[in-house]
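Here is a short briefing on one protein chain. Please look over the sequence and the fold before reading the points.

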Amino acid sequence: MLKLFRNIRQSLLNEGKTTKPASRTGRYFKYAIGEIILVVIGILIALQINNWNENQKSKKDEVYVLTEILKNLEEEAILVHDILLQRQKAKIAITSLLKFVKNEPMSIDSVQYYMVNVFTFERYFPINNAYEILKSKGLKLSDNSLTTKISRYYDYEQPQMSSSILDIELPVLKIFNDPNGLMRFFLNLQKDRQVLLKNSSDPEFISELSSFLLPFQDNSGGTLNKLFIFEESNSQLRQKITETLKLLN
C-alpha cells in the first residue's frame, strides 16, 4: 500500500513539472495531502505492529504465569488431600473415643490407637508464589472470570483454609505443652507415632479426655467439611486454567 502511495506521489510530482503554475499549485497541494496520508498510514502500521508485539508478549507472560499457578495448585492438591485423609481418620477416632468416655468398653490398645489419630495433624503451608508473580507483574488475564476465580482462591479461600487447619493444630499443641493437663496421664506421647497411657480407666483421665474431645470434634468436623470444599475449588480452578492454556497455545 505504501508503494502505491509513493507511485501516486511521484506521478503528481512529475505532472507538476510539466504543467502551468496555477495548475502546479493544485498538483503540489495534492502531493502534500498524499504525503500526509503516507505519514498517517505509516504511523497506523507502526502502532499496529507495536500492539501486535505487545499482545504477543502479554500472551507469553500469561501462559508462563498460568502454567506456574497450575503447578502450584497441583502441589497444593496433594497436600490438601493428605490433610483431608488425616481429618477423616481423626473423625473416626473422635467418634470412637466419645463412645469410650460414655462408658462403652474399649481396650487400652484401642484407646491409644485412636488417640494417635486424634493427636496427628498435618501442617498446611499455602503454596502461592506463582500468584505473587501474577500480582507483581500486574498482568491482566485474557479471561476476566478466571482472574476473579484465581483472586478468590488465593485471597479468600486459601487464608480461610489455613485458619481452619490452624484451629486443629493449636489445641493439640496445647496438650503437648501442658504437663498439668492430659499429658500427666501419658507414659509416652509422640506426635503421629505413639501414645502410651498409664491407666485408660482412670476417671480423671476419662473426664479430661471428654472435655477435650467435645469442642475438638466440632473443630475437626468443620475443618473436614471445609477441606472437601477447598479440594473441589482447587480442582475446578485447575480445570479452568488447563482449558485457558489450551486456548492460548
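**Helix packing and surface**

H5 passes H6 in a left-handed crossing. The model is predicted. The protein has six helices and two strands.

**The H5 and H6 pair**
- Two packed helices are described by the angle between their axes and the distance between the axes.
- Helix H5 covers residues 144–176, and helix H6 covers residues 203–248.
- Their axes come within 9 Å and cross at roughly 155°.
- That angle makes H5 roughly antiparallel to H6, because angles over 145 degrees count as roughly antiparallel.

**Overall layout**
- Along the sequence, the elements follow the pattern α-α-α-α-α-β-β-α.
- The protein has 249 residues, and 33% of them are buried.

- Ala90 sits in helix H2.
- Ala90 counts as buried because its relative accessibility is 0%; the cut-off for buried is under 20%.
- Ala90 and Ser220 are 130 residues apart in sequence.
- In space, the C-alpha atoms of Ala90 and Ser220 are 7.5 Å apart.

**A nonpolar surface patch**
- Ile33, Ile36 and Ile37 form a nonpolar patch on the surface.
- Together, Ile33, Ile36 and Ile37 have about 240 Å² of accessible area.
- Ile37 lies in helix H2, which spans residues 21–101.
- Ile37 has 34% relative accessibility, so Ile37 counts as partly exposed.

Conventions: Residues are numbered from 1 along each chain as its sequence is written. This is a predicted model: local features need pLDDT of at least 70, side-chain atom pairs count only at pLDDT 80 or more; totals for chains, interfaces and linings use all residues. Side-chain values use heavy atoms; hydrogens and water are left out. Patches are made of residues with over 30% relative accessible area and no salt bridge: like charges are joined within 9 Å, nonpolar side chains (Val, Leu, Ile, Met, Phe, Trp, Tyr) within 5 Å. Accessible areas come from the Shrake-Rupley method with a 1.4 Å probe; for residues, only the protein chains shown count as cover. A salt bridge is a side-chain nitrogen of Lys or Arg within 4 Å of a carboxyl oxygen of Asp or Glu. Helices (H or I, at least four residues) and strands (E, at least two) are DSSP runs, numbered from the N terminus. Buried means under 20% relative accessible area, exposed over 50%, partly exposed in between (1.4 Å probe, protein chains only). Axes are lines fitted to C-alpha atoms, for helices over the stretch in contact, and angles run from 0 to 180 degrees between N-to-C directions. Angles under 35 degrees count as roughly parallel, over 145 as roughly antiparallel, 65 to 115 as roughly perpendicular and the rest as oblique. A crossing is left-handed if the near helix is turned anticlockwise from the far one by less than a right angle, and right-handed if clockwise.
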